[in-house]
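Let's go through this structure together, one label at a time.

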Amino acid sequence: MTDGLAEALADLARDLQREHGSPATLEKVVASAIRMIPGAEEASISVVTGRTKVESYAASDELPRAVDALQTETGEGPCLDSIYDHATVSVPDMASEQRWPKFATRAARAGAGSMLSFQLFVQEDNLGAMNLVSRRPHAFDAESEHVGHLFAAHAAIAFSAVRQGENMKVALDSRNVIGQAQGILMERHGVSADQAFSLLTTASQHRNAKLRVVAEELIRTRRLVG
């Protein structure tokens with residue numbers, strides 16, 4: 001490992017500790033990957049949801065975003081297919097790629113010459129990946145894969161921290177919404193917090209709707225339906 005690469009990875013590790021799950025960390029991983037991985041001109045960190053939708057969480061430019069969108073539109077591509085079975089997927093020449101002909105034809109037309117994808121995590125039908133793109137065919141070699149794996153390990157840690165932060169935010173937002181709805185019911189009916197929560201959960205069960213949805217509707221309409 002060169003001194004420059006070691007220093008870049010050390011900087012990333014320090015950033016991960018400082019950022020505590022900030023999405024900005026993913027952007028730093030992408031920028032560092034382009035700078036340090038041989039052949040990489042553009043990059044993205046993406047999420048595949050339900051094997052059907054590819055979404056860029058952090059992308060260096062429009063080309064990797066377009067590549068992700070094309071996989072969703074065509075229903076095929078490295079993130080939607082082989083990367084579920086292989087930790088690394090290489091596309092040496094996009095123009096002659098046969099595994100995903102619809103995707104490859106349109107991706108080459110968009111400007112992608114070659115591509116290298118690294119699996120970050122798999123959770124049920126959801127997947128995280130780091131994608132490297134070059135406008136030149138055969139831009140990536142064995143060194144690209146080696147260095148890419150090192151960055152992918154850091155990207156996986158960053159992504160995990162971001163997802164945990166997002167989950168915590170969703171949980172806090174839901175708690176606040178439900179608390180507001182409880183307050184409305186307590187004031188209107190003169191009931192306790194536990195009784196107000198019971199009214200919300202009963203309405204949620206009767207309507208087969210999520211508790212947060214019932215609470216949001218109550219806040220918006222001032223009516224408890226259920």
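Q: Where in the protein chain is Arg207 found?
A: This is a predicted model, and in it Arg207 belongs to helix 6, which covers residues 193-207.

Q: What makes Arg207 buried, partly exposed or exposed?
A: Its relative accessibility is 30%. Buried means under 20% and exposed means over 50%, with partly exposed in between. Arg207 therefore counts as partly exposed.

Q: How far apart are Arg207 and Val225 in sequence and in space?
A: They are separated by 18 residues in sequence, and their C-alpha atoms are 8.2 Å apart in space.

Q: Which residues of helix 6 and helix 7 meet?
A: On the helix 6 side they are Phe197, Leu200, Thr201, Ala203, Ser204 and Arg207, and on the helix 7 side Leu211, Val214, Ala215, Glu217 and Leu218. Sorted by kind, the residues of this contact are 7 nonpolar, 2 polar and 2 charged.

Q: At what angle do the axes of helix 6 and helix 7 cross?
A: They cross at roughly 110 degrees and come within 9 Å, with helix 7 spanning residues 211-221. Angles of 65 to 115 degrees count as roughly perpendicular, so helix 6 is roughly perpendicular to helix 7. The crossing is right-handed.

Q: Which residues make the contact of helix 3 and helix 4?
A: Helix 3 contributes Leu63, Val67, Leu70, Gln71, Glu73 and Thr74, while helix 4 brings Lys102, Phe103, Arg106, Ala107 and Ala110. This contact contains 6 nonpolar, 2 polar and 3 charged residues.

Q: How do you know whether Ser46 is buried or exposed?
A: Compare its value with the cut-off. Ser46 has 1% relative accessibility, and buried means under 20%. Ser46 therefore counts as buried. You can find Ser46 in strand 1, residues 42-49.

Q: What is Ser46 in contact with, leaving aside its neighbours within four places in sequence?
A: Its contacts include Val54, Tyr57, Asp68, Leu127, Asn131 and Phe159. The side chain of Ser46 is also joined to that of Ser44 by a polar contact of 3.1 Å.

Q: What makes the link between the side chains of Ser117 and Asn131 a polar contact?
A: The distance is 2.7 Å, and a polar contact needs a pair of N or O atoms within 3.5 Å, one able to donate a hydrogen and the other to accept it. Asn131 is also one of the residues in contact with Ser117 when neighbours within four places in sequence are left aside, a list including Pro78, Ile83, Ala87 and Met130.

Q: How many helices and strands does the protein chain have?
A: There are 7 helices and 5 strands. Starting at the N terminus, the order is α-α-β-β-α-β-α-β-β-α-α-α. Of the chain's 226 residues, 42% count as buried.

Note on methods. Residues are numbered from 1 along each chain as its sequence is written. This is a predicted model: local features need pLDDT of at least 70, side-chain atom pairs count only at pLDDT 80 or more; totals for chains, interfaces and linings use all residues. Side-chain values use heavy atoms; hydrogens and water are left out. Contact means heavy atoms within 4.5 Å. Helices (H or I, at least four residues) and strands (E, at least two) are DSSP runs, numbered from the N terminus. Ala, Val, Leu, Ile, Met, Phe, Trp, Tyr, Cys and Pro count as nonpolar, Asp, Glu, Lys and Arg as charged, and the others, Gly among them, as polar. Buried means under 20% relative accessible area, exposed over 50%, partly exposed in between (1.4 Å probe, protein chains only). Axes are lines fitted to C-alpha atoms, for helices over the stretch in contact, and angles run from 0 to 180 degrees between N-to-C directions. Angles under 35 degrees count as roughly parallel, over 145 as roughly antiparallel, 65 to 115 as roughly perpendicular and the rest as oblique. A crossing is left-handed if the near helix is turned anticlockwise from the far one by less than a right angle, and right-handed if clockwise.
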